[in-house]
Amino acid sequence: MNAPEQNGCDDAGRGQFKSRLGFVLAAAGSAVGLGNLWRFPYLTYKYGGAGEEGGGAGTFVLVYLLCIALVCLPLILAEILVGKRGRRNPVGSFNAIRPGTRWNIVGYMGIATGFLILSYYAVVAGWSIEYTYKSVINEFAGFETAISDSEAAQALGAKLTSERRGIGEARAGDSVWVVDGNPEEFKAKLIAKKAELYPQHLFSQFVANPVKQVGYFLAFMVLTVILVLGGVAGGIERGNKIMMPLLLLMLVVLAIRVLTLDGGGRIIGYLFKPSISTLSWDLVLGAMGQAFFSLSVGMGALLTYGSYLGPKDRIDTSSAAIPAIDSSVALLASIVVCGAIISFGLAMTGSGTGNVFTAIPVIFQSIPGGRWLVVLFYLLVTIAALTSTISLLEVVASYMIDERKMKRTEAVLISAAAISAVGILCALSFNLLAGYTLFNMTFFDLLDYLCSNILLPVGGILIAVFVGWVMRHDEKRQELACMNPIVYRIWNVLLKFLAPAAILAVLVGQFIFRA
Ligand code: PHE
């Protein structure tokens, strides 16, 4: 690869990826995260329901893949191109390409978005550390005694009675229940219900604890800081080269396990058979928003990684690899989470972020070897989240290094401290600050809404307009020397027209059509 001093730029001290694979894995590492492992399966299930094949899940997956191919893929290349040409952080890159204009606002917006996303993302990421620990000590196994008979029976809609009534009677522990149907079946159901309720119980208890929430959040920030302090080649590249393949391998193992469950194969029809009747505005909106968040597009994370490429590095093929890896992980995660849910007939429990923490332990309880698969799963969530948080912190730190002329250590520590101050409020919005809401959202929810529904799409439109309309062909061609001319033309058209129009529709649509 090109050494920095060979490229004639005045930034010889700037870090650089040692190999193209290193870049692709780092960029894919940024993309693959909680968005894939929690959000994608959750949305697939939301649109697909507990139904069989031909439901909304297939339609959601199809629209999501179309959004990736037609909107996000062109944008990924555009974002990386700006970084590679500007060779700076998001602000500096726009300044370098169009000096003296206000286009650097896109960069400032991106840095602010990265700052905000990291402050709430690391809270959820912190949960994965606790859940790795919970699964190592097998805390989920204590469900039979932890949940009382009456709680489980109530959840099943059975009535407590002291009368003896013969046929519909079931004895579990000290209680006698009047039930419809077979008492033995009821007892089995009672135990299954306890297994399902317990993780929810553990989860609510965990998020209600302010000390744990802040502690795990800070622990995750420290992990992120350690990797980002290592710099581009040493920390980010080396870390991703080990973590990304490990993650893919773990997911494949889990997917094989789920597919070989009784009825596990049904998930394939569920995910890949779309039906036009389930198409709705809400579904398209959901799929598009997911594509943005999941691919880390629109805020300069990919731009920043692109700035660590050499001038001769090829970016068109690398750009295609990122969504390919990202969607594979998302689909594998859906096979694991939704597949297991469908096979077990479990209903997705908990709200939003809770799903991956409440459903997974239940599922794996009843799989042979599940006790260790749970450990593997949460370790994987932690790793995936970490490769995303390092890209978020790097965006903010690179701005401080390039524009504020700070040393890497100073830049990383100051950025992380400021992000932590905001993040602590997010960690507390599940407990101490839960009562403080604006538009019916806690501070955490508000940040998530603002970033994924407003800031990322607006950033996406601006990047598309900048590269599609403002940059000249000769400038773009210089960075894309090896790109096939026909592919280049298609990319340019998608970037100029389809991407901004589609994103605008999402943005405007979510205000008009949201109830
Ligand atoms: N794409 C990451 C995920 O799926 C989240 C992220 C968004 C990371 C934006 C960086 C920038 O979890």
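1. A residue counts as buried when its relative accessible area is under 20%, as exposed when it is over 50%, and as partly exposed in between. By that cut-off Glu 130 is buried, because its relative accessibility is 2%. Please keep in mind while reading on that this is a predicted model.

2. Here is the overall picture. The protein has 515 residues, and buried ones make up 59% of them. Its secondary structure comes to 20 helices and three strands. Of the contacts with a separation of 6 or more, 80% are between residues 24 or more positions apart.

3. Which residues are closest to the ligand? Of the 15 residues that surround the ligand, the closest are Ala 31, Gly 35, Tyr 121, Phe 293 and Ser 296. Several polar pairs here use the protein backbone. A backbone N or O atom of Phe 293 sits 2.8 Å from a ligand nitrogen, and a polar backbone atom of Ser 294 is 3.0 Å from a nitrogen atom of the ligand. On the oxygen side, Gly 35 places a backbone N or O atom 2.9 Å from a ligand oxygen. Taken on its own the ligand has 330 Å² of accessible area, and the protein covers 100% of it.

4. Ser 296, one of the closest residues to the ligand, deserves a point of its own. Ser 296 belongs to the loop between helix H12 (281-294) and helix H13 (301-306). Is Ser 296 buried or exposed? Ser 296 counts as buried, because its relative accessibility is 10%. Its side chain reaches the backbone oxygen of Ser 30 at 3.0 Å. Beyond its neighbours within four places in sequence, Ser 296 is in contact with Ser 30, Ala 31, Glu 79, Ala 301 and Leu 302. Ala 31, in that list of contacts, is also among the residues closest to the ligand.

5. The structure holds ten salt bridges. In one of them Glu 479 pairs with Lys 84, with 2.8 Å between the closest N and O atoms. Glu 479 is in helix H19 (residues 473-479) and Lys 84 in helix H3 (residues 56-86), so this bridge ties together parts that are 395 residues apart in sequence. Glu 479 is buried, because its relative accessible area is 11%. Lys 84 also counts as buried, at 3% relative accessibility.

6. Glu 130 pairs with Lys 212, and their closest N and O atoms are 3.8 Å apart. Lys 212 lies in helix H9 (residues 210-229) and Glu 130 in helix H5 (residues 104-136), so the two tie together parts that are 82 residues apart in sequence.

7. Arg 408 is in helix H17 (residues 408-428) and Glu 394 in helix H16 (residues 370-403), 14 residues apart. Arg 408 counts as partly exposed at 21% relative accessibility, whereas Glu 394 is buried with a relative accessible area of 0%. Elsewhere, Arg 98, Arg 472, Asp 474 and Glu 475 are linked in a network of salt bridges.

8. Helix H4 is worth a view of its own. Six of the eight residues of H4 (residues 90-97) are buried, so the rest of the structure largely encloses this helix. The buried ones are Pro 90, Val 91, Gly 92, Ser 93, Phe 94 and Ile 97. They pack against H3, H5, H13, H16, helix H18 (443-470) and H19. At the start of H4, a side-chain oxygen of Asn 89 comes to within 2.9 Å of the backbone nitrogen of Val 91.

9. Finally, a look at the surface. Trp 281, Leu 504, Val 508, Ile 512 and Phe 513 form a nonpolar patch there, with about 510 Å² of accessible area together. Helix H20 (residues 485-512) contributes the largest share of the patch, three residues. Val 508 is located in H20 and counts as partly exposed, at 42% relative accessibility.

Technical notes:
Residues numbered from 1 in each chain as written. Predicted model: local features only at pLDDT ≥ 70, side-chain atom pairs only at ≥ 80, totals over all residues. Heavy atoms only, no water. Patch = residues over 30% accessible without salt bridge, like charges linked within 9 Å, V, L, I, M, F, W, Y side chains within 5 Å. Areas by Shrake-Rupley, 256 points an atom, 1.4 Å probe, with all protein chains shown as cover. Salt bridge = Lys/Arg side-chain N within 4 Å of Asp/Glu carboxyl O. Helix = DSSP H or I, 4+ residues; strand = E, 2+ residues; numbered from the N terminus. Buried < 20%, exposed > 50% of the residue type's maximum accessible area, 1.4 Å probe, protein only. Near = heavy atom within 4 Å. Polar contact = N/O pair within 3.5 Å; in protein donor to acceptor, adjacent residues only side chain to side chain. Contact = heavy atoms within 4.5 Å.
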